[in-house]
Amino acid sequence: MKDDSIRKIIFTGVIAALSYVIFTFLQIKITLPGGDATSIHLGNAVCVLGALLLGGFYGGLGGAIGMTIGDLLDPIYVVYAPKTFLLKLCIGLVTGLIAHKMGHITTETDSRKIGKWTLAAAIGGLLFNLIFDPLAGYFYKLVILGKPAAELTLAWNIASTSINAVTSTIASTAVYMALRPALKKSGLFFTIGGKKHP
């Protein structure tokens with residue numbers, strides 16, 4: 001049990017590092033009026049993947065830490081770091097709830113059911129983000145930047161979040177389904193809610 005906890009912490013660190021690198025260095029940044037920006041990236045895919053592999057809390061925490069560090073090191077995004085941390089953690093929690101509490105993907109043996117629940121979990125987590133990221137960003141900007149800036153960037157944020165949701169759903173589902181057999185074979189697969197899979 002202690003060994004599993006240590007491995008989960010290590011894997012959470014790996015998810016944090018991956019989400020930071022992918023969000024920071026592989027993003028397409030779109031500069032918006034008023035000195036703001038939005039971006040197309042696959043950082044959310046890593047957050048979802050972490051939740052599928054480690055459970056909602058650890059996966060979401062890894063994604064939240066990685067992308068929050070990315071925000072803190074970017075002069076444009078630094079003011080959004082608290083919002084990023086909360087929303088990315090919630091992506092993981094929603095994904096984990098659907099994948100592990102409803103779909104039991106780590107104990108399920110039918111590959112079709114695993115694929116169905118993996119896709120449903122990715123869609124659920126990213127749909128949460130699609131709704132709440134632009135809304136939270138809008139209200140955040142009302143308080144920090146004032147109403148004109150918030151309204152000006154809302155449409156761009158909805159568009160970029162929609163693109164990110166679709167690409168991240170596809171990427172996270174495909175990577176999880178490909179990684180799952182390799183992790184099981186290597187003994188690094190976690191059964192959420194139980195012991196590590198033999």
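By class, five nonpolar, eleven polar and five charged residues make up the lining of the largest cavity. Keep in mind that you're working with a predicted model.

**Exercise 1.** Work out how many cavities of 30 Å³ or more there are, and about how much space lies in the largest cavity.

*Solution.* 
- Start with the idea: rolling a probe the size of a water molecule over the atoms shows where empty space is left.
- Now count: there is one cavity of 30 Å³ or more.
- Then take the volume: the largest cavity holds about 320 Å³ of space.

**Exercise 2.** Find which residues lie nearest the centre of the largest cavity, and which elements give two or more residues to its lining.

*Solution.* 
- The lining has 21 residues, and Thr38, His41, Tyr77, Lys83 and Asp133 are the ones nearest the centre.
- Next, go to the elements: strand E2 (36-40) gives two or more residues to the lining, and so do helix H3 (56-72), helix H4 (81-102), helix H5 (111-144) and helix H6 (147-186).

**Exercise 3.** Explain why Cys47 and Cys90 are too far apart for a bond.

*Solution.* 
- Recall the bond: a disulfide is a covalent bond between the sulfur atoms of two cysteines.
- Bring in the cut-off: the two sulfur atoms have to be within 2.5 Å.
- Check the distance: the closest cysteine sulfur to that of Cys47 is in Cys90, 9.6 Å away, so the pair is too far apart for a bond.

**Exercise 4.** Is Cys47 buried or exposed? And what is the relative accessible area of Cys90?

*Solution.* 
- Cys47 has a relative accessible area of 0%, so this residue is buried.
- Cys90 comes out at 21%, which means this one is partly exposed.

Notes: Residues numbered from 1 in each chain as written. Predicted model: local features only at pLDDT ≥ 70, side-chain atom pairs only at ≥ 80, totals over all residues. Heavy atoms only, no water. 1 Å grid on protein atoms, 1.4 Å probe; cavity = no way out; pocket = protein on both sides within 12 Å on 5 of 7 lines; lining within 4 Å. Points joined across faces, edges and corners; volume = space filled by probe spheres on them. Helix = DSSP H or I, 4+ residues; strand = E, 2+ residues; numbered from the N terminus. Nonpolar A, V, L, I, M, F, W, Y, C, P; charged D, E, K, R; others polar. Buried < 20%, exposed > 50% of the residue type's maximum accessible area, 1.4 Å probe, protein only.
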